[in-house]
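Q: I would like to go through this structure with you. Could we begin with its pockets?

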Amino acid sequence: LFNDLLKNNANRAENTERKQNQNYFMEVMTVEGVYDYLMYVGRVVFQVPDWLHHLLMGTRILFKNTLEMYTDYYLQCKLEQLFQEHRLVSLITLLRDAIFCENTEPRSLQDKQKGAKQTFEEMMNYIPDLLVKCIGEETKYESIRLLFDGLQQPVLNKQLTYVLLDIVIQELFPELNKVQKEATSVTPWM
């Protein structure tokens with residue numbers, strides 16, 4: 001494209017940087033489903049090597065639906081266990097106390113640091129050794145650190161909790177969603 005004989009036959013800007021190892025097989029795709037989310041996290045956060053990414057993309061057509069069906073089945077089983085009456089009462093009580101009760105003692109800085117260290121170590125131990133061999137120990141540490149730091153934002157965590165709580169309430173009481181749709185669809189004529 002930048003041959004001296006042909007000059008600028010592709011009509012490219014002169015100040016365009018030339019990337020030597022640009023991957024032309026990477027295309028922008030929409031992310032739908034668990035398999036795609038895992039691929040995205042693997043590529044962006046864990047920086048999996050190109051060969052592993054291409055292998056996983058090649059097997060996507062075989063394993064995507066299987067993984068998503070298994071995930072749906074697994075989540076359905078766990079939700080059925082969770083929504084048993086004796087567990088649901090204790091969960092609602094814990095949720096109420098976590099959101100509305102402000103009279104609990106704040107944790108000391110030392111307790112917070114101890115909990116953060118333990119959580120980070122557990123996250124580091126959660127990654128399978130096979131993945132560590134593919135991405136490297138340093139990339140594993142940096143990726144887990146990125147995820148850990150991202151989850152340590154109290155304002156974002158609070159917002160995420162409220163969004164999830166809103167979704168749960170809409171699932172438990174679908175009539176609330178119908179009332180909201182009716183209210184937005186009725187507009188007075190002037």
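**Pockets and a helix**

A: Helix α4 gives the most to the lining of the second largest pocket, with seven residues. Helices here are DSSP runs of H or I with at least four residues, numbered from the N terminus. The model is predicted, so local features need pLDDT of at least 70 and side-chain atom pairs 80 or more, while totals for chains, interfaces and linings use all residues. Residues are numbered from 1 along each chain, and side-chain values use heavy atoms, without hydrogens and water.

Q: Which residues lie nearest the centre of that second largest pocket?

A: They are Ile92, Leu95, Leu165, Val168 and Leu172, out of 14 lining residues. A pocket is an open set of points on a 1 Å grid over the protein atoms alone, where a 1.4 Å probe fits, with protein on both sides within 12 Å along at least five of seven lines; lining residues have an atom within 4 Å of a point.

Q: Which element gives the largest share of the lining of the largest pocket?

A: That is α1, with five residues.

Q: Now α1 itself: which of its residues are buried?

A: Tyr35, Asp36, Met39 and Gly42 are buried in α1, where buried means under 20% relative accessible area with a 1.4 Å probe, protein chains only. They cover an arc of only 125 degrees around the axis, judged by directions from the helix axis to the C-beta atoms, which puts them on the same side of α1.

Q: And Ser143, is it buried or exposed?

A: Ser143, in helix α7, is buried, with a relative accessible area of 2%. Leaving aside residues up to four places away in sequence, Ser143 touches Val45 and Phe46, contact being heavy atoms within 4.5 Å.

Key:
Buried < 20%, exposed > 50% of the residue type's maximum accessible area, 1.4 Å probe, protein only. Helix = DSSP H or I, 4+ residues; strand = E, 2+ residues; numbered from the N terminus.
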